[in-house]
Amino acid sequence: MRILSKRKQNLANDDSSAAGIRSIINRWQQDLDFRESITHWQITPACEAASKPMPGSLDPCLVAGLNSLGISQLYTHQAEAFERAQKGENLVIATGTASGKTLCYNLPAVQLALSNPNSRVLYLYPTKALTQDQFTGLNDLLKAAPTNRPMPANIFDGDTPQHMRSAMRKESVFLLTNPDMLHQGILPHHTLWQPFFQGLALVVIDEMHTYRGIFGAHFANVLRRLKRIAAFYGAFPKFILTSATISNPIELAETLIDDHVSLIDQSGAPHGEKHFFLYNPPLIDPRLGLRKSSIQASVAIGQSLLDSNHQALLFARTRRTVEMILTYLLEKLPAQSRPKVRGYRSGYLKSDRREIEQGFKNGSIRLVVATSALELGIDIGELESVILVGYPGSIATTLQRAGRAGRKQQDSLALMVATNDAMDQYLAHHPEYLNNSPEKALVDPNNLLVLYQHLRCAIFELPFTAEEGFGPIQPASLRELFQSMNASGEVLARNGTQFWVADAYPSAGVSLRSSTSDIVSLFVSEGAKPALIGQLDAHSAEWLVHPQAIYLHEAESYLVEDLDLAKGVCELKPARPDYYTLPTIKTTIESFQELSRQHVGSSSIQSGPLSLSIRVEGFRKIRWQTNETLERLPLDMPARGLETEGAWFSISDSLVNRLKDLALWNSEPNDYGPTWQTLRQKILARDEYKCAACHQSFSPDQLHVHHIQPFKTFSDPLQANAPNNLATLCHRCHAIVETRVRVISGMAGARHALRNIAPLLIMCDDNDIAMLSEAKSILNDGKPAILVYDTIPGGIGLSNQLYKDHRFWLERAREMISECPCADGCPACVGPFGEEGYGSKRESLALLSGLLHE
């Protein structure tokens with residue numbers, strides 16, 4: 001591997017690239033501005049295959065089938081996987097993209113079916129697109145193998161016609177489905193699948209790394225139910241799992257299947273030369289750290305690839321970004337070239353998606369702008385170039401998307417365009433973390449709320465005996481949960497056995513992507529009958545679809561007209577505003593318990609369970625193009641409780657006093673406008689020359705007129721100087737208030753950096769953790785504290801992992817802020833202005849350094 005820094009790189013002198021890739025690189029070389037924005041260029045040399053002869057135990061039909069497909073040898077990891085599977089081991093395959101992991105499980109699967117006509121194999125995929133693609137590959141192998149009996153492979157999912165399902169249950173040797181269908185469509189109806197479960201010998205779980213967080217907790221419990229039903233029919237299947245590169249594949253696999261696994265992570269697959277570029281758009285305002293739009297930069301790069309007739313896949317993080325890039329691209333292209341550019345995201349009709357997939361495969365479509373809907377989908381073997389607009393949230397996903405290019409061993413390039421987000425800017429300065437991933441995929445199947453829901457489903461499927469556990473959970477630990485179900489009347493206990501007696505169908509009310517069964521249905525008022533467009537769990541609904549919120553669904557905008565949490569109904573209407581909305585959430589710590597503590601310099605970090613009260617108290621309207629706050633509006637929403645886990649930094653008195661002594665919170669004086677002195681006199685007179693804090697009277701020269709919300713947080717000075725934002729304070733009270741703003745501002749900046757750097761340690765969805773900083777916190781006896789907590793009820797171990805790795809976490813956050821080129825703080829380091837202060841870069845650095853005892 002070669003890594004060329006910005007100072008050393010010379011795009012024109014790389015003679016090892018293939019002609020197609022070299023022509024793109026040479027074209028970029030001619031653009032001086034483009035070249036200056038490349039902060040990282042990594043070249044992974046091509047490598048030859050490491051192969052082995054076909055294993056002697058491989059069925060001759062399979063050998064013949066592979067030969068007819070042009071495969072005369074196996075890569076070393078494929079051969080190792082087959083041999084270990086033959087020994088009855090559970091496997092996790094964690095080799096790179098395009099390394100041929102599919103054969104690692106298809107060969108053992110087909111071998112089982114050939115050796116025993118009663119054997120059955122279950123394949124689980126996280127997306128429909130991936131299921132379709134893998135179904136084609138499996139069928140190709142089955143057709144090529146000259147077997148003497150049929151071995152049907154079928155896809156069983158929500159798109160499967162009802163009239164075909166009965167036949168599939170009877171005939172399927174290989175069944176391809178997804179976790180949701182297994183959870184709601186197969187396990188509750190296991191009696192209809194008796195022959196399949198009796199012969200179930202192997203379960204294949206592809207893209208294992210996607211099963212993390214709350215989705216992973218649910219999925220692990222679905223697998224417990226699967227194993228329980230299989231055992232009821234006398235089957236004890238083995239598991240083969242595949243994963244992208246994560247730091248804990250064995251731990252994740254063993255947690256998901258509750259059994260030991262063997263790891264295969266050394267690939268024998270060949271690949272062409274790979275080029276990975278990191279492009280950081282140029283600064284347009286160095287003081288504020290603002291850069292050129294990543295969307296416009298990506299449009300220019302995409303157009304450059306089109307002009308040179310190179311097929312490319314451009315990944316965007318959101319559906320709205322897909323549509324924006326697509327619109328800008330089509331505006332720049334001549335009419336005859338526009339059919340060659342298409343978008344691809346969830347929400348497109350199935351026929352449209354298949355048309356785009358086919359056009360991309362045959363080359364008639366030259367550029368596709370896609371969301372993650374195409375990340376795990378079709379295999380475009382001729383693709384050479386991939387563009388990523390923004391860091392996708394995890395290193396595993398970054399490598400997965402980059403690996404879509406060069407899947408036929410040709411040379412390839414991937415380029416990531418950094419946005420102005422904090423994590424993107426950190427990686428622009430520290431791209432080495434894309435190669436040395438410390439991130440872990442975490443999952444807690446024993447989360448109490450998740451476990452309770454799946455125990456209900458399991459009892460519906462089969463009565464629970466007194467001696468029976470659930471996965472690794474012993475019978476004694478389940479008794480309290482059963483007693484709660486008995487009290488609700490859903491479950492009846494007879495002679496120690498638990499029977500489901502309610503009319504409800506429990507799995508129908510359990511979403512695999514939420515910790516709660518409370519669902520809010522989203523209806524659009526169009527025409528005579530409202531149309532259902534989706535559902536959210538009640539917790540998410542409070543901040544995603546609160547009254548007057550703008551809700552995005554399938555790239556369309558909707559205005560929330562009403563939210564009724566009691567009825568579980570949200571009413572929307574189509575809208576095309578020039579703004580989006582962000583909720584203002586007030587979190588109150590009701591109680592906590594400290595279970596562990598570590599010293600952090602003169603301060604400390606603790607962890608333990610928390611009881612929180614969370615309320616959406618308002619929202620902001622923010623303009624799309626400029627991210628300017630247009631308006632702040634209040635809301636009257638009920639508070640909800642959250643029992644979870646957290647970790648918190650308790651900041652010591654000595655550190656706070658050192659910060660005060662250093663006076664790091666000074667900033668440039670504000671220009672309040674030419675009429676300020678007149679306005680100041682009016683406010684003093686309005687307040688009768690009394691301090692609003694201590695209520696004492698003073699002479700005018702002993703009083704200050706204070707901005708309640710800091711002046712610099714407003715784009716319009718008239719709004720900042722509105723009388724309701726001004727208050728009279730004496731010298732002493734004004735100094736106290738100003739000091740408090742600055743201390744909190746430093747904490748807010750540190751909190752923002754810590755929040756954004758967390759994905760380097762844990763793989764989690766954006767909303768799986770939250771943070772809170774308080775100058776007077778009950779967590780620290782009324783002194784400053786910074787809290788991180790799991791937003792999922794009961795917690796799933798995310799904050800606990802950050803507690804364990806707190807020093808690495810603090811160091812990376814400090815690094816993020818110190819290396820940002822802005823003068824006094826910006827969204828790429830200490831967060832958006834206007835939260836609790838302004839320009840907290842130096843304060844935040846001092847606080848983080850103090851916590852590191854430096």
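Predicted model: local features only at pLDDT ≥ 70, side-chain atom pairs only at ≥ 80, totals over all residues.
**Helix 4**

I began with what the buried residues of helix 4 (residues 76-86) pack against. Their partners are strand 3 (51-52), strand 4 (74-75), strand 5 (91-93), helix 5 (101-115), strand 10 (238-242) and strand 11 (262-264). The buried residues are His77, Gln78, Ala79, Ala81, Phe82 and Ala85. I noted the cut-offs: buried is under 20% relative accessible area, exposed is over 50%, and partly exposed lies in between (1.4 Å probe, protein chains only). Contact means heavy atoms within 4.5 Å. Helices (H or I, at least four residues) and strands (E, at least two) are DSSP runs, numbered from the N terminus.

Residues are numbered from 1 along each chain as its sequence is written, and side-chain values use heavy atoms, with hydrogens and water left out.

**Helix 6**

I checked the span of helix 6 (residues 128-144) next. Its 17 residues reach 24 Å from first C-alpha to last, close to the 24 Å expected at 1.5 Å a residue. The expected span is 1.5 Å times one less than the number of residues. At the start of helix 6, a side-chain oxygen of Thr127 comes to within 3.2 Å of the backbone nitrogen of Leu130. I listed buried residues of helix 6, including Leu130, Asp133, Gln134, Leu138 and Asn139.

**Nonpolar cores**

Which residues touch the most other members of the largest nonpolar core? They are Ile205, Leu241, Leu256 and Trp809, in a core of 120 residues. Helix 10 (residues 213-232) gives the largest share, 10 residues. Another core, of 36 residues, lies apart from it, with Val110, Leu138, Met151 and Val204 among its members. A nonpolar core here is a set of buried Ala, Val, Leu, Ile, Met, Phe, Trp, Tyr and Cys residues joined through side-chain atoms within 4.5 Å. I then looked up the contacts of Ile205. Leaving out residues up to four places away in sequence, Ile205 touches Leu124, Tyr211, Phe219, Leu223, Phe239, Ile240, Leu241, Thr242 and Ile257.

**Arg640**

Is Arg640 buried or exposed? It is buried, at a relative accessible area of 16%. Arg640 sits in strand 32 (residues 640-650). Its side chain makes a polar contact of 3.2 Å with the side chain of Glu542. A polar contact is a pair of N or O atoms within 3.5 Å; within protein, one must be able to donate a hydrogen and the other to accept it, and residues adjacent in sequence count only if both atoms are side-chain atoms. Beyond neighbours within four places in sequence, Arg640 is in contact with His539, Glu542, Leu612, Ser613 and Ile614.

I followed strand 32 to its partner. It pairs with strand 37 in the antiparallel sense over five bridges. Two strands pair if DSSP finds at least two bridges between them. Ala647 stands opposite Val788 in strand 37. Strand 36 (residues 769-777) also pairs antiparallel with strand 37, over seven bridges. There, Ala770 faces Tyr789 in strand 37. The hairpin of strand 36 and strand 37 has five residues between the strands, and Asp781 takes a positive phi near 55°. Strand 37 (residues 783-790) is largely enclosed by the rest of the structure because seven of its eight residues are buried.

**Strands 21 and 22**

I looked at a second hairpin. Strand 21 (residues 491-494) and strand 22 (residues 497-500) pair in the antiparallel sense over four bridges. Val491 stands opposite Trp500 in strand 22. Two residues lie between these strands, and Asn495 has a positive phi near 55°.

**His707**

His707 is in strand 33 (residues 703-707). At 6% relative accessibility, His707 is buried. Its side chain joins that of Asn721 through a polar contact of 2.8 Å. Outside four places in sequence, His707 touches Tyr672, Trp676, Ala720, Asn721, Asn725 and Leu726.

**Cysteines**

How many disulfides does the structure hold? I found zero, with a disulfide taken as a pair of cysteine sulfur atoms within 2.5 Å. For Cys47, the nearest cysteine sulfur is that of Cys104, 15 Å away. Cys47 is partly exposed, at 30% relative accessibility. For Cys691, the nearest cysteine sulfur is that of Cys694, 3.7 Å away. Cys691 is buried, with a relative accessible area of 1%.
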